[in-house]
Amino acid sequence: MSVSFNSIFKKAKMRHLFEVRRRFKDAGTTTGFIVDFSDSLVLFHTLETDTFRLNGYTVVRKEDISEYRVFSKAEYWQVRAVRHFRLR
C-alpha cells in the first residue's frame, strides 16, 4: 500500500467513521472506526448501520479494499448520528 493510504488510516484512526468496499463481488461494505492497522491489515470496530450500534471487530486486508470513504464532515448524517449516540 502507498504511504498516502497509511496516512489516511492514521488520520482517521478512532476519530472518524470509515467505510470500505472490498473487491469481492458479495463482500459488501465494512463501516466502523479504525482501531489499528499494519502494513497489510486494518482492524475496525464495526458499526451496525441498521441500528447504529458498535457490533464487534472486523479485520480487512488492505489489498482487498477497492474504495473507501471517511465521514469527517459535519454535513454527513452519519457524523451527526455518531455524536448523538456518543459512539467514539
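Me: Leaving out residues up to four places away in sequence, what does F9 touch?
Reply: In this predicted model, F9 touches F18, I34, F37, V42, K62 and I65 once residues up to four places away in sequence are set aside.

Me: Which residues make up the largest nonpolar core?
Reply: That core has 10 residues in all: F5, F9, A12, F18, V20, I34, V42, F44, V60 and I65. The elements contributing two or more residues to this core are α1 (3–12), β1 and β3. Its largest share, 3 residues, comes from α1.

Me: What does the second core include?
Reply: The second core is separate and has 9 residues, including L17, L47, F52 and F71.

Me: On to the rings. How many aromatic pairs are there?
Reply: The count comes to 7 aromatic pairs. In the pair of F18 and F44, the ring centres are 6.2 Å apart and the planes stand at 35°, so this pair is tilted. F18 belongs to strand β1 (residues 17–22) and F44 to strand β3 (residues 41–48), so the pair ties together parts that are 26 residues apart in sequence.

Me: Are those two buried or exposed?
Reply: F18 is buried, with a relative accessible area of 0%. F44 is buried as well, with a relative accessible area of 0%.

Me: How are the rings of F18 and Y68 arranged?
Reply: Their centres lie 5.7 Å apart with the planes at 0°, so the pair is stacked. The pair links distant parts of the chain, with F18 in strand β1 and Y68 in strand β5 (residues 65–71), 50 residues apart.

Me: And what is the relative accessible area of Y68?
Reply: Y68 has a relative accessible area of 39% and is partly exposed.

Me: Now the whole chain. In what order do the elements run?
Reply: From the N terminus the order is α-β-β-β-β-β-α, with 2 helices and 5 strands in the chain. The radius of gyration is 12 Å, close to the 12 Å that the globule rule gives for 88 residues, so the chain is as compact as a globular protein of that length.

Me: What share of the residues count as buried?
Reply: Of the 88 residues, 33% count as buried. The accessible surface of the chain comes to about 5,800 Å², and 48% of that belongs to carbon and sulfur atoms.

Conventions. Residues are numbered from 1 along each chain as its sequence is written. This is a predicted model: local features need pLDDT of at least 70, side-chain atom pairs count only at pLDDT 80 or more; totals for chains, interfaces and linings use all residues. Side-chain values use heavy atoms; hydrogens and water are left out. Rings of Phe, Tyr and Trp (its six-membered ring) pair if their centres lie within 6.5 Å; planes under 30 degrees apart count as stacked, over 60 as edge-to-face and the rest as tilted. Helices (H or I, at least four residues) and strands (E, at least two) are DSSP runs, numbered from the N terminus. Buried means under 20% relative accessible area, exposed over 50%, partly exposed in between (1.4 Å probe, protein chains only). A nonpolar core is a set of buried Ala, Val, Leu, Ile, Met, Phe, Trp, Tyr and Cys residues joined through side-chain atoms within 4.5 Å. Contact means heavy atoms within 4.5 Å. The radius of gyration is taken over C-alpha atoms; the globule rule is 2.2 Å times the number of residues to the power 0.38. Accessible areas come from the Shrake-Rupley method with a 1.4 Å probe; for residues, only the protein chains shown count as cover.
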